[in-house]
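Let us walk through this protein from its overall build down to single residues. Keep the sequence and the 3D view side by side.

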Amino acid sequence: PIEFARYYLISKALSIVVILSPFAVLLLISGYIGDAIGLLVFIPLSSIFIMSLYARYYQQRYNMPLNVSPVRFLIGILSSIPLFPLFAIAFINSFFPGACIFIIPALTIFYLLISLPFLVSSSYWESTIEKIVTSVS
């Protein structure tokens with residue numbers, strides 16, 4: 001199950017790269033290097049972060065209505081963290097076209113730091129699977 005979670009997250013991130021690659025090529029042709037890298041690197045890495053959080057805290061029960069709890073509200077706020085750097089790079093790129101080259105390495109490290117722990121940690125996925133199994137019964 002833990003390998004399945006890793007393969008699933010990696011395959012979803014790769015499918016996002018494949019889907020967004022034509023748009024990234026158009027952005028590269030237009031001269032928006034930062035936005036193109038944001039599409040191909042930052043969005044797939046942030047999707048790993050968001051899908052990992054949702055797998056643990058947003059189990060969907062088909063026979064019960066969705067209730068709002070403080071934990072779900074907090075996870076909703078946490079899932080917006082990866083979006084702020086994307087907005088920042090878009091605005092910085094529009095006002096200062098060459099400045100994104102200096103910001104991209106720092107943002108790459110940021111996105112790696114928030115997404116790779118979910119791929120590496122087996123205890124996170126063991127407790128997530130345990131939580132899913134106990135909440136179903």
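Leaving aside residues up to four places away in sequence, Pro85 touches Leu107, Phe110 and Tyr111. Pro85 is part of helix H4, which covers residues 83-95. Is Pro85 buried or exposed? Its relative accessible area is 14%. Buried means under 20%, so Pro85 counts as buried. Now look at one of its partners. Pro85 and Tyr111 are 26 residues apart along the chain, and their C-alpha atoms are separated by 9.3 Å.

Compare that with another pair. Ile77 and Phe102 are 25 residues apart along the chain. Their C-alpha atoms are separated by 28 Å. Ile77 sits in helix H3, residues 70-78. Its relative accessibility is 44%, so Ile77 counts as partly exposed.

Step back to the whole chain. This is a predicted model. The protein has six helices and zero strands. Read from the N terminus, its elements run α-α-α-α-α-α. The C-alpha trace spans about 55 × 30 × 25 Å along its principal axes. The protein has 137 residues, and 30% of them count as buried. How much of the contact pattern joins residues at least 24 apart? Take the contacts between residues at least 6 apart in sequence: 71% of them join residues at least 24 apart.

Where does H1 kink? The kink lies at Ser21, shortly before the proline Pro22, and is about 45 degrees. Several H1 residues are buried, including Ile2, Ala5, Leu9 and Ala13. Leu20 and Ala24 are buried as well. After H1 comes Gly31, with a positive phi near 95 degrees.

Helix H2 is next. Ser47 has its place in this helix. With a relative accessible area of 11%, Ser47 is buried. Which residues does Ser47 touch, not counting residues up to four places away in sequence? They are Ala13 and Ile16. Ala13 is itself one of the buried residues of H1.

Arg56 also lies in H2, which covers residues 33-57. Arg56 is buried, yet it has no salt bridge. The nearest side chain of opposite charge is Glu130, 8.6 Å away. A salt bridge here would need a side-chain nitrogen within 4 Å of a carboxyl oxygen. So what does Arg56 touch, not counting residues up to four places away in sequence? Its contacts are Tyr124, Ser127, Thr128 and Lys131.

A pair of aromatic rings is described by the distance of the centres and the angle of the planes. How many aromatic pairs does a search of the whole structure find? The search finds six. Ring pairs link Tyr124 with Phe49, Phe118 and Trp125 into a cluster.

Key:
Residues numbered from 1 in each chain as written. Predicted model: local features only at pLDDT ≥ 70, side-chain atom pairs only at ≥ 80, totals over all residues. Heavy atoms only, no water. Phe/Tyr/Trp six-rings, centres within 6.5 Å; stacked < 30°, edge-to-face > 60°. Helix = DSSP H or I, 4+ residues; strand = E, 2+ residues; numbered from the N terminus. Buried < 20%, exposed > 50% of the residue type's maximum accessible area, 1.4 Å probe, protein only. Lys, Arg positive; Asp, Glu negative; His and termini not counted. Contact = heavy atoms within 4.5 Å. Bend = angle between axes of the 7 residues up to and from the residue.
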